[in-house]
Each structure stands twice: as structure tokens, then as C-alpha cells.
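The following exercises accompany the structure shown below. Each task is followed by a solution in steps.

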Amino acid sequence: MYGKIKEHLQAELEAIKNAGLYKKERIITSAQKADIVINTGEQVLNFCANNYLGLSNHPRLIQAAKNSLDSHGYGMSSVRFICGTQDLHKELEKQIADYFGTEDTILYAACFDANGGVFEPLLTSEDAIISDTLNHASIIDGVRLCKAHRYRYESADMEDLEDRLKEAQKHRFRIIVTDGVFSMDGHVAPVDKIVELAEKYDAMVMVDECHSAGVVGESGRGVTELYNLKGKVDIITGTLGKAFGGAIGGFTTGKKEIIEILRQKSRPYLFSNSIPPSVASAGIEVFKMLTESNDQHNRLVNNVEYFKEKMIAAGFDIKPTESAIIAVMLYDAKLSQEMAAKLLEEGIYVIGFYYPVVPKEQARIRVQVSAGHKKEHLDKAVEAFTKVGKELGVLK
Amino acid sequence: MAYSNKVQELYQSQLKSIQDAGLFKQERFIHSSQAADIEVEFPTGSSLNKVINVCANNYLGLSSHPEVIKAAHEGLDTRGYGMSSVRFICGTQDIHRELERKVSEFLGTEDTILFPSCMDANAGVFEAILTSDDVMISDRLVHASIIDGMRLCPAQHDTFKHSNMEHLEKKLQLHANKRLKIVINDGVYSMDGDTAKMDEIAALCEKYDALLFVDESHSSGFIGKTGRGTHEKYGVMDKVDVITTTFGKALGGASGGCVSGRKEIVEMCRQKARPYLFSNTIAPVVVSGVLRVLDILSQSTERRDKLEENTKFWRKGLTEAGFVLKDGDTPIVPVMLFNAKLSQDFSRDLFDLGVYAIGFFFPVVPQGAARIRTQISAGHEMHHLEKALDAFIKVGKKYDILGKTKQEIIEMYGS
Amino acid sequence: MEENMKDIILEYVIEEYCDEEDDEVTFDTPLISGGLVDSFSMVSLKRFLENKYKISIPDADASPEAFDSVNKIETLVKRFL
């Protein structure tokens, strides 16, 4: 009986619009790549995808997906433990563990599900979760579904973390949870110091590598490579939906027993299909490519350096970053929206973020660089930024 | 890191107790496409066994249908592999909107929003549309993902006895003073294969001014005359406010789910549902496949009709052989064995005879209600069903349960 | 009074959770570990007790173990009376 709720929801939608928080979707009519076509027919350069390694439309992935459609079909129509596990899923799990140097891996339909399903099977009300305040929404939901005690520490603040660890000594087990790279700033969590504190205060460590895997570290293997911590982070969660091809799917990788418990008890794993064969097979191809050569990653690193330097030289205020996320600080919410709109007119597709996605008076444009960008794409973007920046008085 | 011995030992002992209780889930690796005939590596490391699959949610036999695979190929060619972005940043393609339109048309709703899975749709929908002033009244047997969604929602929750209309009415009266009430059901219950009494539930919702929610994961595509779902079967297509369903079962079986229903509810999900905002949507290759599935189903009811015939044959065959079944008319046909160990032994013996079906027991089903859940598909031909039936009868004879009542089986094997 | 409390709880459990075909429920019948009451439906039982006895049971104390039989529930309720 749909009656009064209609009006209630209409009013709430109106309020969202009035607050300037209404989310509209731009429709893309091409594949995801550096230059995309949107439904107005315009071609624009995409600087807001998580397509860090430029693999979203890579011919090798597409071919792998096609081959498995022919050999392993379209869908599994079943969860893993009934009749939804193929040899492909097993192989991909092994490849991911090899890539990160971990003991075992479990696949999920999305990283949202990996984070949503990791805490409840492992921790009880006797334990404590100590979480960075800037952690991703999916970690927050996972924590909400778990009975363990909750502590939060100021983002990347090691003193605050240490205080929380002291407070949490009264519990049976403790786990520190952090994003590897914070998605709005692009800075890397101090996982080396976190691991030190974890050893001192007897806590486990979990890192969400969604924005760092494929990106940071000598060969892109994430924060454990960057800080030389291979084997010292107990739980890594990550996604196949960003750098690693960008379709769907997530994973948790780490200690053998932990993965095995998740396979037995993690609800999103037990109650949802795994990734379809085409995605599993393209995933296998991704890790094959990344093991064969470091080309994609090198290209990304060079692109980031090149773009960052040019933007700083042009006079923009850039947040310190060690990832492929570059936050161009504007501070003013309205300005961030105006600037993004004008950049789109110039053929550069970026998004302006403002409160509550980022703190008040910290509005910014988030640029995401990809290995798929060519030098002329980067040049064109810097040029457009400079032109619009001058028009709007951001640059003198 | 402090993955101390203490932690490791605790997890090891938990795993051991799962194993000792006989509850350890061992995956079987399928080396072929999902279909009536599959090739399975089980136990791990063994050579491949060719078996007939009677436990997939592949109700319409579309999981590896050549036309669906062709459409997926085309999707890869025209829309690429991944989107590497959430919907509202740069992860929306024209085909996502097209699929949302097509699903609304198919289900007879106002609008639809896609989710990476139906688990995510159920996990995100309640929190997006309800507040602590509201109440969710759910059937006791709704799917686990709905329970997770309700746990994440601040609205009060209450439950009613499975398909018990008197109890539901009592609960609706009890919560009369709440701002909004929503009654939550599965269309078809996955463990028993019974159908929600949608007509009676809809009438109660009208009487007590409550919203009606139904998860159609095990009904979309084949329940009702043209396969639209339980709301079609019970003639209440315009009375359901929120439908969630999956593309991971009958509708191709790859992945993805949706919330479909009243325009404002869908719009609220687009603004506020967390799994939607914070996760990539369905990949282009999958979207292209589902679009083709919906075309196939809109053109002809041939597949759901064949499924209905197959189901009748299967239920009749098992009943005549003397098995105890759960009543119903859906393609989910539980063969009741009551005892957990018997269900495992039975499943293993079936596998040796070339038939793949899984035994379910507590806590997935109630204590003393262990069973083999069979699921029939339009992809089954008569020879598959005959062979599977033969195998069931052989194993049934071995354990001497044919023609026996529930009581007699429990006396022989315990509950 | 004590017997009375158990009877009241038992009556509610039977009325709220049992179908006709279910076996007899006693003061010791395992409710949750026995699969009669799922941990989610436990909420209505908790609310019933809180309203009936004008108490508030903190979530931390409302564990499935504490609700696993009528006897245990009685012990729990008495802690908060």
C-alpha cells in the first residue's frame, strides 16, 4: 500500500536536491578508456575513473573473457559451495595469493562484499576493531555487522592509534583496519608504523588495497611492497573493479586459516554467486600480464609524475600524494562544481568533491591518472586546467 | 602484525570443530559451462566426472545459452570489459539504463536500479528508505541477505511465522502506530520451494496500510503465466511496492541484482543505498547477456513452459517412487531425508551414479529436516530427468526409504 | 512468582515461535541452538520481556546463549529486575 510514503520520499528527495547533494549520472556510450564518448555525442578525456593500469578495455582481457564465455559459459547460477565453483575461480585465487605473497585468497562478488563479510566470521564481542576514521564505507558496514567493540583513530595519526591500542588491551583480540590509499587525498597510510604498533600491542592488521593494489610499490603490488612488509599484513582486501580490469569482483587474501574460516562462514560469500567465468578468466589474464612485465605500472608512475609536476608548475595547490589520485585543492564547494563543469566544456571529465564527501572547506577536484593516458592527453588536461583556473581566478 | 599463535590456534580449532560436526563446506570444481551435463573435479585432484546437475539455480537453462553468450561477446566488443568506476562518477553506460528500463517493463514496475548482486540490493534497500520511526515485519524464513539488510537499518524489526497470515495480521495490528510499515517476504522460499501467499499478503497490506516487499530471486523468469514472478501468479502485479531480484539465477546466472518498484523508492536507492554508491555496477559483458535473456523471455514462454512440464514430471516421478517431498509446484523440489548424515551419504551415492545434488542440513534448514534439494531446469531433457530419477530410486532402495513415512525414516536413521 | 515467570515466558515462546506440528517445548528445550528460534527473531522475545517486566536488557547481554532456553531467559531477566 503505497500512499503516504510517496510524499515522504518525495520531500526527502527534494531536500537532497536543495542541499546540492543530488547525484546525477552521466551516461557513457563507449567502452571505458582514456577518451570516452558520452551520450551527448561528445568525446571527452576521462580523468575520473579508477582505471589506473589502463586495463578496462585492454584487448588481452577482452579476448580472455571471450575465450571463457566459449569454454566456461556465461553464468554459474549458483553460489560457490553448491555448484558455482569452476577451475577458473580456484586458479584466480591462487594467482592473487602469488601476486601479493600471501597464503590463500577468497573471491567475492565485489570488494564491498569482501569488506562487508570479513569481520563477523573472525571476531566476536570479546574482540576489538580499531579503524581509521577515513576508511571506506564498505569497511564501516562490515564493522557494523560485527559484534566486536569499535574504536576509531584520527586518520593516519599514530599517536591516536597507540592510545586506542592501549585502551583496547582489555579485549581478547585486536585488529587495526586501514585503507592502503585514502581515495579522496591519494596519500598512503603509514602501514609500516601501523605494523610496528600492532606488534607492540599484539594486534592483527588489515589493509584495504582497493586504491593501492596495482599502483603503489616498486612493481605495484601495494602497500606491503612499498613498505617491504610482505607477509606482515594479516588480511588484505582488494578489488578487481579498479586497477585490475575494472569489471567487478573483490577478494580477501592473507593467512590460510582466516581465508578458510571466511569460506565457511562469510555471509556474502555463502549467499551470493561468485564472479562470472568471463570476469574470472580476464582476472587471471590481468595477473599473468602484471607478472610478465612491469610496463603498465611503469607507464602509470611516469604519467603521475609528469602530470603532478606540470600541475604544480602551473601553480595549482596539490595534496601530497604517493598514488595515482591527485587532489587539486579549491576549498570552496561551489567553485569545485563550476570548475568541473568548465573543464568538461574543455573536454576534460573530472569530478569536484565537497562536504560531506570531504571535510568542510576542503572542496577539491580529484584527478585520477591512468596508464592508459597518452602524453598528449595529460598535456591537454593541464592546458585545460590552466585555462579554466585562470578564468575562475584560481590561478593568477 | 600480530597473527599470534593464539589467534591462529583459535581459528584452527574453529575449523576443526566445523569439520568434526560434518558441516565443512567442500567446494567441487566444475571444469565445464553450467548446464544439465557438467564436468566436475571431485574430490579435488580426481579425474573429471561427467554428471547431471540437479542443484543449480539455472531454472531456464540460460546460463550458457548460445544466444546469451553471443550477446556477451558483442557487449565486450562494443562496451569493453570493465567500468573501473561507480555509477555516479563515470561507471554508467547507456546499456545500464537500457537494462533498468527493460527490467521495469518485464516486472511491470515504475523504475529499477541495478546492484552488483541481489545480496547488495537487499543489504542496501531498507536503510535507504526507512528510518527509526518505521517497522519492518518479515517472514521468519526470508533469505539471509534480507536479514543483513534489516540489521543495517535503524527501523524496528519484527517477524511473523512463516506464511502465517493470522500472525502477520497480529503483527500489523501491534505496530499500527508506526509511521511506515513494510511487510517483507521471499516470493519463493529457496529451501522448501513454497510460494508466499501474495494475494493474501497484499490484501493485509492494503487493510493495514503497509508497504509490500518481495524478493523474487527464485521466481523471476518462470513463476506466473509469462514468468514475471509471484506477483503475476497471484494477480497482484500493481500491489507490490518493492521487488528485489537477481540476474544470477534464472536470468542468465552470471551476476547482478536490482531493486524495482515505485519510482521514488528507486530514486532514494540511487541517492542513498550504500552498496550502489560505493561499488561498481554490473559489468558490460553481463549487462549485454541479461538484455538478451529478457528479449528471449519476452518473445516466448516456451522455456518457462518446458520448465513447468519438467517439474511436473520430476515431482510425479519422485512421489510415485515413494519419496517424501515438500508440497509445492515450483522447480525447487526438496527430497526429505530428515537425518543430516543420511543426506550427505545420499548425495555422495548419487554423485557416484552421475547425479549432482547437494544435501542440506541444520543450520541451513531446521534441525531434523535434512534433505536433498533438487532444482529442475528447462535445460534438462527427458533423458536427464529419467536418468536422475533412476539414480534417486537406486539410492532410495539402498537406504530402504522408498514408501516410508517421515516417522519411519526418522525411526530408521534418527532426526 | 518464579514458576509464574517461567510459565509466562514459555507461553510466549510457544505462541510466538511454534507451529502446531512442533514438538513439545519445555523449560530446558534449546531454543536457538536447537533451531526453534532464529537469532533474528529473538528480538521480539527481548522486546516482550522488556515490556512485560519493565526492564532494559543491553545488547551486549542479549546473546543467543542467554536466550537459549526458558530457564536461561529467566536467569537473564532476574539480573535486570
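**Exercise 1. The fold of chain A**

How many helices and strands does the secondary structure of chain A come to?

*Solution.* The model is predicted, and local features need pLDDT of at least 70, side-chain atom pairs count only at pLDDT 80 or more, while totals for chains, interfaces and linings use all residues. Residues are numbered from 1 along each chain as its sequence is written, chains are lettered from A and ligands numbered from 1 in the order in which they are written, and side-chain values use heavy atoms, with hydrogens and water left out.

Step 1. Helices (H or I, at least four residues) and strands (E, at least two) are DSSP runs, numbered from the N terminus. In chain A they come to 16 helices and 13 strands.

Step 2. The C-alpha atoms of chain A fill a box of roughly 60 × 60 × 55 Å along the principal axes. The radius of gyration, taken over C-alpha atoms, is compared with a globule rule of 2.2 Å times the number of residues to the power 0.38. Chain A has 22 Å, which agrees with a compact globule because such a globule of 396 residues would have a value near 21 Å.

Step 3. Buried residues (under 20% relative accessible area with a 1.4 Å probe, protein chains only; exposed is over 50%, partly exposed in between) make up 65% of the 396 residues in chain A.

**Exercise 2. Chains A and B**

*Solution.* Step 1. Contact means heavy atoms within 4.5 Å. No contact joins chain A and chain C, and their closest C-alpha atoms lie 8 Å apart.

Step 1. Buried area is the accessible area (1.4 Å probe) that two parts lose on being put together, summed over both. Between chain A and chain B this is about 9300 Å², of which carbon and sulfur atoms give 58%.

Step 2. A salt bridge places a side-chain nitrogen of Lys or Arg within 4 Å of a carboxyl oxygen of Asp or Glu. The count between chain A and chain B is 12 salt bridges. One of them joins E25(A) and R270(B), with the closest N and O atoms 4.0 Å apart.

**Exercise 3. Chains B and C**

Which residues of chain B lose the most area to chain C?

*Solution.* Step 1. The area buried between chain B and chain C is about 1200 Å², with 45% from carbon and sulfur atoms. In chain B, R140(B), H157(B) and K161(B) lose the most, together 41% of what that side buries.

Step 1. Four salt bridges are counted between chain B and chain C. E15(C) forms a salt bridge with K170(B), whose closest N and O atoms are 2.7 Å apart.

Step 2. On the side of chain B that touches chain C, α6 (144–151), β6 (156–160) and α7 (165–174) of chain B each supply at least two residues. Of that side, β6(B) gives the most, with four residues.

**Exercise 4. T330(B)**

Is T330(B) buried or exposed?

*Solution.* Step 1. T330(B) lies in the loop between α13 (302–321) and β11 (332–338) of chain B. T330(B) counts as buried because its relative accessibility is 1%.

Step 1. Beyond its neighbours within four places in sequence, T330(B) is in contact with residues including V188(B), I223(B) and R315(B).
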